Every structure is written in structure tokens, then in C-alpha cells.
Amino acid sequence: MTDLMVRTLDGSNKKIPPDVMAALRGELRGSVALPGEDGYDAARTIWNAMVDRRPGLVVRCLGAADVMHAVKLARKEKLLVAVRGGGHNVAGNAVCDNGLLIDLSLMKSVRVDPASGTARVEPGATLADFDKETQAFGLATPLGINSTTGVAGLTLGGGFGWTTRKFGLTVDNLISADLVTADGELVRASEKEHSDLFWALRGGGGNFGVVTSFEFKLHALGPEVLSGLIVHPFENAAELLRGFRRLANEAPDELTTWAVMRKAPPLPFLPAEWHGKEVLIFAACYSGDVKEGEKATKALRSLGKPIVDVISLHPFIGWQAAFDPLLSSGARNYWKSHDFADLPDAAIKVIVDAVRGLPSPECEVFIAHVGGAMARVAANATAWANRDAHFVMNAHTRWRDKAQDSACIAWARQLFDATAPFASGSVYVNFMPNDEDNRIEKAYGSNYRRLGEIKRRYDPDNLFRMNQNIQPAK
Ligand SMILES: Cc1cc2nc3c(=O)[nH]c(=O)nc-3n(C[C@H](O)[C@H](O)[C@H](O)COP(=O)(O)OP(=O)(O)OC[C@H]3O[C@@H](n4cnc5c(N)ncnc54)[C@H](O)[C@@H]3O)c2cc1C
């Protein structure tokens, strides 16, 4: 039998003796997958096809006990550790080369308690898993816009989507989390227990341990919401974006609109002559009474002369998955993102010019309108500091052919640099690619120092470092 070699925290490779592996296999309810074994490729394959890493060893967990065994092994042998939830993060930190991968993707249970309006969710659940269970009771909590995203990574980074302006960030709706800390013990973090850790988990990413269960507050919503797309010719983009900015300043919390600029996909409701041409799409959702929603969306629907307007009542579950076909896994992706307090005309001009030169048919730039309930929480109330962001721009570069890597990445960086003078300086940790180490402190903003202190207390050796990493305070 060949020796199993696994990467350690100092970058060297360490032999894991057969008796240690046999003991681990015996302890687990889930399984171990070594290169070539069943489940190995499924665990290491993530959304962003740019990331093709080969862990030395995968522990496919089925419960908190499995996570504890994996973390104890990693700690004892000082192994490099990656933690995979839904595997969607663009930076690819869910997988490491040669180290130990703690794969949570099989832990998908979502248990709703309609009486208390809460849900307990395991860390392998996707947004679709969450919505399908909660919507059976007409309940929801704010999540993102692509239903195959993992609840775990989205929540730990903060989480925002169609209902955030009404109900806050995903972390504003987190009641508690069970997590395995770097010493391999399971603790519960909430306002009452390990409250410092609970604070840090709400935006501090995967820095503090491995979450094995999330408890969320739910809100009445659906089963249908007023939502849909308004598709415009791109030639009027600058004027439309100025209108979008004005209406964003006046919008009620219930109304969320994102402006998406890209080459038109072959949507069935879009006349064929527009397919492949640049368009500006307003994607809008009203989280409230339909009649009020019709009034609130009137001004948006009166902007310009759209090619098509398909805003109507849609099942909330369907709307949450509306962008899935454009965001499926397997493509190469590189993102650059800015937060904006405002969108001055000069920024609009730069963005519109960039979209005229999209480097591939699947690239897009979106501008999400945030704020509302999210902005009414103090910046130091949770680890998510950037509550004054009013718009979030993401240059979402996406292509298939490796030969296009440098052209697509260069395009995103160019747009990022050209819009930097207008941006607020902060960024959402979950939108950062893997080459932005110089932005990490800015991403955690005014909360970075406290996060470092909590990191020192719970993970002084920085075992959990495959993330937008917070250094333990000295
Ligand atoms: C197509 C697409 C659309 C998106 N849209 C939105 C959106 O609308 N709103 C939004 O807020 N975000 C959005 N995101 C970003 C998304 O929130 C992040 O990619 C998030 O990290 C995904 O979580 P995951 O569990 O799938 O990721 P993974 O890649 O599995 O995990 C990301 C990181 O989180 C940590 N982690 C994961 N699980 C755990 C755990 N249980 N315990 C401890 N650490 C853990 C690890 O550090 C890991 O590297 C989108 C992403 C994609 C790809």
C-alpha cells in the first residue's frame, strides 16, 4: 500500500499512517474519499471551472460528529484544511491542493418549524433546498439570487438577495449556529451563548470553525410574488441607469431592482432578433402586497421603451431560480466587485462603455440595489460592516475556453479600476476572487480588528485559513 501524503499548514507533506486512516474510517458515519475513490471527484468539483484542485484526502461528512473527527485529525496532524458547503464561491477556497477537504455537501437537511417561524438548516443545503421546504409553509428568509448556491457560504459571508431590503441580510435572520471550533469541539453560538463568536459568524466567513447547523428566523412571503424582467435595448442604457438610480432613492423596502447588462440570452419571451445583442435588464421583485407592488413598480415600468416587460405574479421558488440557467456550474468565472454609496453619471458612463466591449457572450455586469432594512442595522452589530452600500456592482466575467482567460480577466480588472474612483472602497467578501488579499481588511471594514481578536481566541493557529482570511490578532 502506498503511503498517504497530505499537505500540512507549513506547506510540507506529511505521511498519514494506515492505522490513523483505519481509525478515522471506523469513526465516521460518512466516508473517506482518496484520489480515485468514489465521491472524490464529486467533492472536489466546484461551481467555478477555473478551480481544479486535488485534495490529499476528503472526509465526506454526514453529521457534526464526522466534522469533529475530521477537525481533530487536522489539528493533531497540522493539516491544511478546506471546508466545502455548496461549492459556489468564485474564489475556490472550498477546495485545497493536497490537504484535507471537509466536504459538507451531503448534509442537506432543512427542518422548518412553522409554529415558531424558524428553520434549522444543514451546511450542504442549497438555496433551492431551503426555499422548497420553507415555501411549503409560505415562509422565507433572505437568500441569494441563484438557487444552486450553498446556504452555508452565503450566510457566513453575509448574504443578500431579493428580500434583503425588506427583511435584512441573511445574517440578520440568523438565530444561532452550531459549529466545530479549531479544537474539534462543538459549540452553539447565539446572542446568549458564545455571543462574540455569534457576532463574528455573521459576516466573518469561514474563519472561526465549521458550522454544522444554522437556525434562521422566517417571514411570511409567497407563494407568489410580483416579480420579473424588463428588457431594454442597450442604446438607452445610460439614461435608463440614471432613472434606476433616481427610483432606487425613492423605493419602498419591499421593492428590489437589479440592473443587469449583458448580451441577451435566448429567452423564450424575447424576440429572436435580440438574442446575442447587448441589453439592459431590470430584474425586480416586490416582497409584499401585490396591489401595492403594482403601484411601486409603475415608475420602473414606465422608464424608456422596453423590448419586453414580463413582470407579473410568479411563484417565489421559481423567481429565486430565474437566473439559474445563466449561472450554471462548469464555466470559467472571474469576478470584480465594488460597493457604491451613489452612482454618479461618470460611473454610469464607464460601466456602459465597458459593456459595449464584453469579452464573451456570457459576461455580465450587474448593479444590485441594496439598503433598506440592511442599512438600518448598526455597522458594528454584526461582523458585516458595509451597511452603507447602496449599490453593489459585480463585473461577472464568464467564459468557456481557457485560451480566453487573460482577455476576460483583463476586461474585468479594467472595469474595476475605471470605476474605483466612484466606489466606496468596501466589498462583499463573497464576491471576491482569489487574488484580492490586499482587499481583505477593507472587506471586513471597521470590524476587522475585533474579528482578529475573536480569531485569536477561537483559532489562534489559523487552522481555518482557506477563506478570505482574517489573521489572528497579535
Ligand atoms: C452564481 C452565483 C450567484 C450568487 N449570488 C449571490 C447573491 O445573490 N447574494 C449573495 O449574498 N451571494 C451570492 N453569491 C455568492 C455566494 O454567497 C458565495 O459564493 C458563497 O460563498 C457560496 O456559498 P457555498 O456554500 O456554495 O460556497 P463554498 O464554496 O462551499 O464555500 C465558500 C467558503 O465558505 C466557507 N464555508 C462554507 N461552508 C462552511 C461551513 N459550514 N462552515 C464554515 N465555513 C464554511 C469556506 O471558507 C468556503 O471556502 C453568488 C454566487 C454564485 C456563484
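Colleague: What makes a residue part of the lining of the largest pocket, and which residues lie nearest its centre?

Modeller: This is a predicted model. A lining residue has an atom within 4 Å of a pocket point. In the largest pocket 15 residues line the space, and L229, L267, F269, W319 and A322 lie nearest its centre. Its volume is about 300 Å³. β14 (224-233) and α10 (316-320) each give at least two residues to that lining.

Colleague: How many residues of that lining are nonpolar, polar or charged?

Modeller: There are 12 nonpolar, three polar and no charged residues. The lining of the second largest pocket has four nonpolar, six polar and six charged residues.

Colleague: How do you know which residues surround the ligand?

Modeller: A residue counts if one of its heavy atoms lies within 4 Å. By that cut-off 35 residues surround the ligand, the closest being G85, G86, G87, F160 and Y428. α5 contributes four, the largest share of the shell.

Colleague: What makes the pairs at V211 and M466 count?

Modeller: A ligand nitrogen is 2.9 Å from a polar backbone atom of V211. At M466, a backbone N or O atom lies 3.3 Å from a ligand oxygen.

Colleague: How much of the ligand does the protein bury?

Modeller: Alone, the ligand exposes 960 Å², and the protein buries 97% of that.

How values were computed
Residues numbered from 1 in each chain as written. Predicted model: local features only at pLDDT ≥ 70, side-chain atom pairs only at ≥ 80, totals over all residues. Heavy atoms only, no water. Polar contact = N/O pair within 3.5 Å; in protein donor to acceptor, adjacent residues only side chain to side chain. Areas by Shrake-Rupley, 256 points an atom, 1.4 Å probe, with all protein chains shown as cover. 1 Å grid on protein atoms, 1.4 Å probe; cavity = no way out; pocket = protein on both sides within 12 Å on 5 of 7 lines; lining within 4 Å. Points joined across faces, edges and corners; volume = space filled by probe spheres on them. Nonpolar A, V, L, I, M, F, W, Y, C, P; charged D, E, K, R; others polar.
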